[in-house]
Amino acid sequence: MPHSAVRALRLPLIGLFMGLALLTASVPARAEAYDEVNQKLQAGRYAEAQAQAERYLQGKPRDPQMRYLLGLVQRGSGKPEAALETFLRLTTEYPELPEPHNALASLYAAQGDYDQARLSLERAIRARPDYATALENLGDLQLHLAQQAYCQALKSNPRNAKLRSRVQALGMQCP
């Protein structure tokens, strides 16, 4: 996958943390633990964040919010396989939560598995139709796939002026 497409499908951290803040507002006693892990995650202190999340989960192993944070930490610390497993379990156990579906989509897209990325984004949107981050990511994915198709078509027929002008009008660059 081109680097720009991977970058476009990464979860916007601001949106993630705003969503986390909304989820944690209803549980003040746990909010402090979430905030501490979240702060360490934002600061790039992944080992500390992971250790704290895992300690918390020893006492509350089914807590979806902390498991979600753990998945973000795993992804941020370069452990996409562990993050994938964490998010897959969350989407199975809590299919109504859109954030794990969206996070899963970004991992699939980074692996070049665009079909699974699309399905995960569609599940996130079904769970919450107004989830702007998933809608934006689905648009980015569709735009990336359109660019691939247009560039492949242009490669097959480089003299197609209509196609070339369409690619240029969309601001795309083909290799």
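# Close-up views of a helical protein

View 1. With 23% relative accessibility, R75 counts as partly exposed; buried means under 20% relative accessible area, exposed over 50%, and partly exposed in between (1.4 Å probe, protein chains only). The model is predicted: local features need pLDDT of at least 70, side-chain atom pairs count only at pLDDT 80 or more, and totals for chains, interfaces and linings use all residues. Residues are numbered from 1 along each chain as its sequence is written, and side-chain values use heavy atoms, with hydrogens and water left out. R75 belongs to helix α5 (residues 64-76); helices (H or I, at least four residues) and strands (E, at least two) are DSSP runs, numbered from the N terminus. Between the C-alpha atoms of R75 and Y46 the separation is 9.6 Å, although the two residues are 29 residues apart along the chain.

**View 2. The whole protein.** Ten helices and zero strands make up the secondary structure, giving the pattern α-α-α-α-α-α-α-α-α-α along the sequence. Of the 175 residues in the protein, 40% are buried. Contact means heavy atoms within 4.5 Å. Taking the contacts between residues at least 6 apart in sequence, 50% join residues at least 24 apart.

View 3. The 13 residues of α5 reach 18 Å from the first C-alpha to the last, close to the 18 Å expected at 1.5 Å a residue; the expected span is 1.5 Å times one less than the number of residues. α5 is mostly covered, as ten of its 13 residues are buried. Among them are M66, Y68, L69, L72 and V73. L70 is also in α5 and is buried, at a relative accessible area of 10%. Apart from neighbours within four places in sequence, L70 is in contact with Q50, A53, E54 and L57.

View 4. Helix α4 (residues 46-59) has 14 residues and should span 20 Å at 1.5 Å a residue; its end C-alpha atoms are 21 Å apart, which agrees. A49, Q50, Q52, A53, Y56 and L57 are the buried residues of α4. Because they cover an arc of only 165° around the axis, they are on the same side of α4; the arc is that of the directions from the helix axis to the C-beta atoms. An α-helix has 3.6 residues a turn, so residues three or four places apart point the same way. The face turned away from the buried side of α4 carries the exposed residues A47, R55, Q58 and G59.

View 5. R45 sits in the loop between α3 (28-42) and α4. At 39% relative accessibility, R45 counts as partly exposed. The C-alpha atoms of R45 and G76, 31 residues apart along the chain, lie 9.6 Å from each other.

**View 6. Helices α6 and α7.** The axes of α6 (residues 80-93) and α7 (residues 98-110) come within 9 Å and cross at roughly 145°; axes are lines fitted to C-alpha atoms, for helices over the stretch in contact, and angles run from 0 to 180 degrees between N-to-C directions. The contact is made by P80, A83, L84, F87, L88, L90 and T91 of α6 together with P100, H101, A103, L104, L107 and Y108 of α7.
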